[in-house]
Amino acid sequence: MKMIYALDVLCRYKKRLKHYHKGYDPTYITFLTQNNMLYDIIVTDKTDKLGVLKSLRIESSIIPEADKFILLFQDEVYF
């Protein structure tokens with residue numbers, strides 16, 4: 001489901017999209033726009049929210065560098 005959420009965001013940038021590639025947890029997709037801005041789409045559970053935000057602050061090697069980050073926090077789903 002996380003990849004589907006990331007693809008949904010990527011579709012919103014399709015007119016400006018130059019190149020993209022699949023990443024790994026928590027960065028699911030990294031893409032480059034036509035004006036050479038590098039974006040990372042990060043999808044995580046709300047339980048990992050603070051850990052991801054802390055990793056972004058300390059420039060951790062877990063999350064690669066980008067010009068901009070798109071953060072998606074997944075709510076709990078009940079069936």
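Arg12 forms a salt bridge with Asp8, with 3.4 Å between the closest N and O atoms; a salt bridge here is a side-chain nitrogen of Lys or Arg within 4 Å of a carboxyl oxygen of Asp or Glu. The model is predicted, and local features need pLDDT of at least 70, side-chain atom pairs count only at pLDDT 80 or more, and totals for chains, interfaces and linings use all residues. Residues are numbered from 1 along each chain as its sequence is written, and side-chain values use heavy atoms, with hydrogens and water left out.

Both Arg12 and Asp8 belong to helix H1, four residues apart, about one turn of the helix. Helices (H or I, at least four residues) and strands (E, at least two) are DSSP runs numbered from the N terminus. Arg12 is exposed because its relative accessible area is 63%, and Asp8 counts as partly exposed because its relative accessibility is 40%. Buried means under 20% relative accessible area, exposed over 50%, and partly exposed in between (1.4 Å probe, protein chains only).

By the salt-bridge rule the count comes to two. Asp45 forms a salt bridge with Lys2, where the closest N and O atoms are 3.7 Å apart. Asp45 lies in strand S3 and Lys2 in helix H1, so this pair ties together parts that are 43 residues apart in sequence. With a relative accessible area of 28%, Asp45 is partly exposed; Lys2 counts as buried at 18% relative accessibility. Side chains of opposite charge can pair when their charged atoms come close.

The sheet is open and has four strands in the order S1-S2-S3-S4, with mixed pairing. Strands S1 (17–22) and S4 (68–74) stand at the edges with a single partner strand each, so one side of each is left without a neighbour in the sheet. From one strand to the next, the twist averages 20 degrees. Two strands pair if DSSP finds at least two bridges between them. Strands of a sheet pair through backbone hydrogen bonds, either parallel or antiparallel. S1 and S2 pair in the antiparallel sense over five bridges, and His21 has Thr30 in S2 as its bridge partner. Helix H2 (residues 49–57) packs on the sheet, where it touches strand S3 (38–45) and S4, and its direction makes about 170 degrees with that of S4. Axes are lines fitted to C-alpha atoms, for helices over the stretch in contact, and angles run from 0 to 180 degrees between N-to-C directions.

Thr27 is in strand S2 (residues 27–33) and counts as buried at 3% relative accessibility. Leaving aside neighbours within four places in sequence, Thr27 is in contact (heavy atoms within 4.5 Å) with Asp40, Ile41, Ile42, Ile63 and Pro64. Thr33 is also found in S2 and counts as buried at 2% relative accessibility. Not counting residues up to four places away in sequence, Thr33 touches Arg16, Lys18 and Tyr39.The structure holds three aromatic pairs. Rings of Phe, Tyr and Trp (its six-membered ring) pair if their centres lie within 6.5 Å; planes under 30 degrees apart count as stacked, over 60 as edge-to-face and the rest as tilted. Tyr13 and Phe31 form a tilted pair, 5.1 Å centre to centre and with 50 degrees between the planes. This pair links distant parts of the chain, with Tyr13 in the loop between helix H1 (2–12) and S1 and Phe31 in strand S2, 18 residues apart. Tyr13 and Tyr39 also form a tilted pair, at 5.3 Å centre to centre and 50 degrees between the planes. Tyr13 lies in the loop between H1 and S1 and Tyr39 in strand S3, so the pair ties together parts that are 26 residues apart in sequence. Tyr13 is buried, with a relative accessible area of 16%, and Tyr39 counts as buried at 7% relative accessibility. Phe31 is likewise buried. Tyr13, Phe31 and Tyr39 form one aromatic cluster.

Lys49 lies over the face of Phe73, at 5.5 Å from the ring centre. A charge sits over a ring if NZ of Lys or CZ of Arg is within 6 Å of the ring centre and within 35 degrees of the ring normal.

Most residues other than glycine have a negative phi, and most peptide bonds are trans. Asn36, although not a glycine, has a positive phi of about 60 degrees. Asn36 is placed in the loop between S2 and S3 and counts as partly exposed at 47% relative accessibility.
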